[in-house]
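Work through the exercises below with the sequence and the 3D structure at hand. Try each task before reading its solution.

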Amino acid sequence: MKPERGLWSRIVEPENLRLAFAKAAKGKWHRESVRRFSANLEVELSVMRRQLDEGGFPLGRCTSFRIFDPKERTIHAAVFPERVLHHAIMNVCEPVFERWLIDDTFACRTGRGRLAAISRAEQFARRHSWFLKMDVRKYFDSIDHQVLLALLKRKFGERPLLDLFERIVRSHAAAPGRGLPIGSLTSQHFANAYLGLADRFIKETLRCRPYVRYMDDMVVWAEDREELKRVRDAVKRFLRDELKLELKQEPCPQPTGRGMDFLGSRLFPGRTILSRQSRRRFVRKLRHHEDEWVEDRLSEAELQTRVTAMIAFVREADSAAWRRRVFANLETGHRARTASTAAAAGTTTPPTAVRRTATGTTRATATTTWASALLSRPSSAWPARSGGLSG
């Protein structure tokens, strides 16, 4: 595929920068940086365009913080103007990355994502006796800048764009010449494309048809355990020699009948359930939202919206009984809104009052609450699986 040209002018055109601002600001209008940028939008975008044309747009400014869900990660959130730039770039360049990727990789792709990856993996788990699950040790921190920039040079042919890519890549380093910041839109697409080379090696050189990748989680299936060992050794050498990466530990082929942890679920031939870690995390978040509702920091409509979104994550049919037990426990354990929580919310609710539900009944005596309303829905009303692929 020839390097793409004619993209730079589209990236810096005013209409694309306005669209990028709208995407970057979505859901963040409460932030002072967004309001300040919006107040002088045309001036800010004009300055951004001039700086991009002159090669002087400031990069690498970010806010760093740690998260522990599900494991510890350091997030580097770019300042708002740089977030606008990232969206402006990907508005134009994302189709180029998309054309490079194979069908069986699912991260950072419109219309695919986690559920589609699980659906595809379920198909392979039903058909094959053994699987090999591989993931990369400290993937984002290990990406080699030179290898990445060489890959980008194969896909894009304009010097201003390649120079900008190089400045973005080199603006962060977990170690000399290595690393991309987690939390950046460009990082997600760069990292996904980086392992696109491994995808093609596995599919085209090793001829492994049953294969799924979600970012750095790679799974191959086969009927023979020894075959998967040969695949593991070949992939290990390729990652080390071509991409300067290492696999985490020493992955071993496993029988599909024992189940496989994948993207928060545990896959067996013919059924999928939530992993134990995902179940604990789901209950913890559910109780947190319950606390917010009791303390009047969340309306009942907002609560149902958030819980429905969570159910879309845990919608696996074989988890239905467990899910209903969780909601039933919440239903029997609902707490009245006390005088202290009412005062904390800044309301004038009398000390003996309890919160009223969406049905008009009181919090303590309600028979139709947000949980029972969800539980009473017919099965067809629960969020359905999306993104299933044939083949």
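**Exercise 1.** Does Leu180 count as buried or exposed, and at what relative accessibility? Then find where Leu180 is placed and what is in contact with it.

Solution. The model is predicted, so every value here is computed from predicted atoms.

Step 1. The relative accessibility of Leu180 is 2%. The cut-off for buried is under 20%, so Leu180 counts as buried.

Step 2. Leu180 is in the loop between helix H9 (159–170) and H10.

Step 3. Set aside the neighbours within four places in sequence; Leu180 is then in contact with Phe140, Asp141, Ile143, Leu148, Val169, His172, Ser187, Phe190 and Ala191.

Step 4. Tyr139 is 41 residues from Leu180 along the chain, and their C-alpha atoms are separated by 9.0 Å.

**Exercise 2.** Describe the protein chain as a whole: how many helices and strands does it have, and what percentage of its residues count as buried?

Solution. 

Step 1. Counting the elements gives 17 helices and nine strands.

Step 2. The chain has 391 residues, and 47% of them count as buried.

Step 3. The accessible surface comes to about 19,300 Å², with 50% of it belonging to carbon and sulfur atoms.

Step 4. Take the contacts with a separation of 6 or more: 71% of them are between residues 24 or more positions apart.

**Exercise 3.** Classify the ring pairs that Phe21 makes with Phe37 and with Phe80.

Solution. A pair of aromatic rings is described by the distance of the centres and the angle of the planes.

Step 1. A search of the whole structure finds 11 aromatic pairs.

Step 2. For Phe21 and Phe37, the ring centres are 5.7 Å apart and the planes are at 15°, so this pair is stacked. Phe21 belongs to helix H2 (residues 14–25) and Phe37 to helix H3 (residues 32–39), so the pair ties together parts 16 residues apart in sequence. Both Phe21 and Phe37 are buried.

Step 3. For Phe21 and Phe80, the ring centres are 5.9 Å apart and the planes are at 90°, so this pair is edge-to-face. Phe80 lies in helix H5 (residues 80–100) and Phe21 in helix H2, so the pair ties together parts that are 59 residues apart in sequence.

Step 4. Check the burial of the two residues in the second pair. Phe21 has 6% relative accessibility and counts as buried; Phe80, at 4%, also counts as buried.

Step 5. Ring pairs link Phe21, Trp29, Phe37 and Phe80 into a cluster.

**Exercise 4.** Which arginine lies over the face of Trp100, and which sits over the ring of Phe268?

Solution. 

Step 1. Arg200 lies over the face of Trp100, at 4.5 Å from the ring centre.

Step 2. Over the ring of Phe268 sits the charged end of Arg271, 4.5 Å from the centre of that ring.

**Exercise 5.** Which residues of helix H11 (residues 196–205) are buried, and what covers them?

Solution. 

Step 1. The buried residues of H11 are Gly196, Leu197, Ala198, Asp199, Phe201 and Ile202.

Step 2. Their cover includes H5, helix H8 (145–155), helix H10 (185–194), strand S4 (211–214), strand S5 (217–222) and helix H12 (225–242).

Step 3. After H11 comes Arg207, whose phi is positive, near 60°.

**Exercise 6.** Where is His86 placed, and which residues is it in contact with beyond its sequence neighbours?

Solution. 

Step 1. His86 is in helix H5.

Step 2. The relative accessible area of His86 is 4%, so His86 is buried.

Step 3. Leaving aside neighbours within four places in sequence, the contacts of His86 are Ala78, Ser184, Leu185 and Thr186.

**Exercise 7.** What lines the second largest pocket, and what lines the largest cavity?

Solution. 

Step 1. The volume of the second largest pocket is about 300 Å³. Among its 14 lining residues, Lys23, Arg83, His87, Leu185 and Gln188 are the closest to its centre.

Step 2. H5 gives the largest share of this pocket lining, six residues. H5 and H10 each supply at least two residues of the lining of the second largest pocket.

Step 3. A search of the whole structure finds three cavities of 30 Å³ or more. The largest cavity holds about 50 Å³ of space.

Step 4. The lining of the largest cavity is Glu94, Phe97, Glu98, Leu101, Cys108, Arg109, His189, Asn192 and Ala193.

Notes
Residues are numbered from 1 along each chain as its sequence is written. This is a predicted model: local features need pLDDT of at least 70, side-chain atom pairs count only at pLDDT 80 or more; totals for chains, interfaces and linings use all residues. Side-chain values use heavy atoms; hydrogens and water are left out. Helices (H or I, at least four residues) and strands (E, at least two) are DSSP runs, numbered from the N terminus. Buried means under 20% relative accessible area, exposed over 50%, partly exposed in between (1.4 Å probe, protein chains only). Contact means heavy atoms within 4.5 Å. Accessible areas come from the Shrake-Rupley method with a 1.4 Å probe; for residues, only the protein chains shown count as cover. Rings of Phe, Tyr and Trp (its six-membered ring) pair if their centres lie within 6.5 Å; planes under 30 degrees apart count as stacked, over 60 as edge-to-face and the rest as tilted. A charge sits over a ring if NZ of Lys or CZ of Arg is within 6 Å of the ring centre and within 35 degrees of the ring normal. On a 1 Å grid over the protein atoms alone, a cavity is a set of points where a 1.4 Å probe fits but cannot get out, and a pocket is an open set with protein on both sides within 12 Å along at least five of seven lines; lining residues have an atom within 4 Å of a point. Grid points are joined across faces, edges and corners, and a volume is the space filled by probe spheres set on the points.
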